[in-house]
Amino acid sequence: MSISNNDVQHVAKLARLNLTSDEEQMLTGQLNAILKYAEKLNELNTDDIAPTSHVLHVSNVMREDETKESLSIEQVMHNAPDEEEGQFKVPAVME
């Protein structure tokens with residue numbers, strides 16, 4: 001598989017990039033080098049390697065829910081800029 005200048009022009013158009021012909025040539029060469037390197041990976045023997053979905057071990061941490069003491073209304077409203085009847089008072093957004 002290889003990338004042509006037309007492929008680079010098409011992707012540049014989709015990305016709304018204005019590339020010069022030198023930039024197109026450079027990107028075509030770089031993308032083809034990447035693909036050539038990726039093709040080398042097909043030469044690796046992976047018969048004895050199990051498929052993985054994650055590189056790192058992932059597990060859920062499960063714990064029991066515990067009820068804890070929460071803040072009192074006075075503590076919550078201590079830093080409120082404005083408060084009315086134990087609730088935050090905010091400017092009206094509708095007339």
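Buried means under 20% relative accessible area, and exposed means over 50%, with partly exposed in between. The model is predicted.

Q: Is Thr28 buried or exposed?
A: Thr28 is part of helix H2, which covers residues 21-40. Its relative accessible area is 8%. Because buried means under 20%, Thr28 counts as buried.

Q: Which residues does Thr28 touch, not counting residues up to four places away in sequence?
A: Thr28 is a buried residue of helix H2. With residues up to four places away in sequence left out, Thr28 touches Ile3, Ser4, Asn5 and Val8.

Q: How far apart in space are Gln9 and Lys36, C-alpha to C-alpha?
A: Gln9 lies in helix H1, residues 5-14, and is partly exposed at 36% relative accessibility. In sequence, Gln9 and Lys36 are 27 residues apart. Their C-alpha to C-alpha separation in space is 20 Å.

Q: What is the area of the nonpolar surface patch that includes Val90?
A: Val90 lies in the segment after strand S2 (87-88). At 63% relative accessibility it counts as exposed, because the cut-off is over 50%. Together with Leu71, Val76 and Phe88, Val90 makes a nonpolar surface patch of about 410 Å².

Notes:
Residues are numbered from 1 along each chain as its sequence is written. This is a predicted model: local features need pLDDT of at least 70, side-chain atom pairs count only at pLDDT 80 or more; totals for chains, interfaces and linings use all residues. Side-chain values use heavy atoms; hydrogens and water are left out. Helices (H or I, at least four residues) and strands (E, at least two) are DSSP runs, numbered from the N terminus. Buried means under 20% relative accessible area, exposed over 50%, partly exposed in between (1.4 Å probe, protein chains only). Contact means heavy atoms within 4.5 Å. Patches are made of residues with over 30% relative accessible area and no salt bridge: like charges are joined within 9 Å, nonpolar side chains (Val, Leu, Ile, Met, Phe, Trp, Tyr) within 5 Å. Accessible areas come from the Shrake-Rupley method with a 1.4 Å probe; for residues, only the protein chains shown count as cover. A salt bridge is a side-chain nitrogen of Lys or Arg within 4 Å of a carboxyl oxygen of Asp or Glu.
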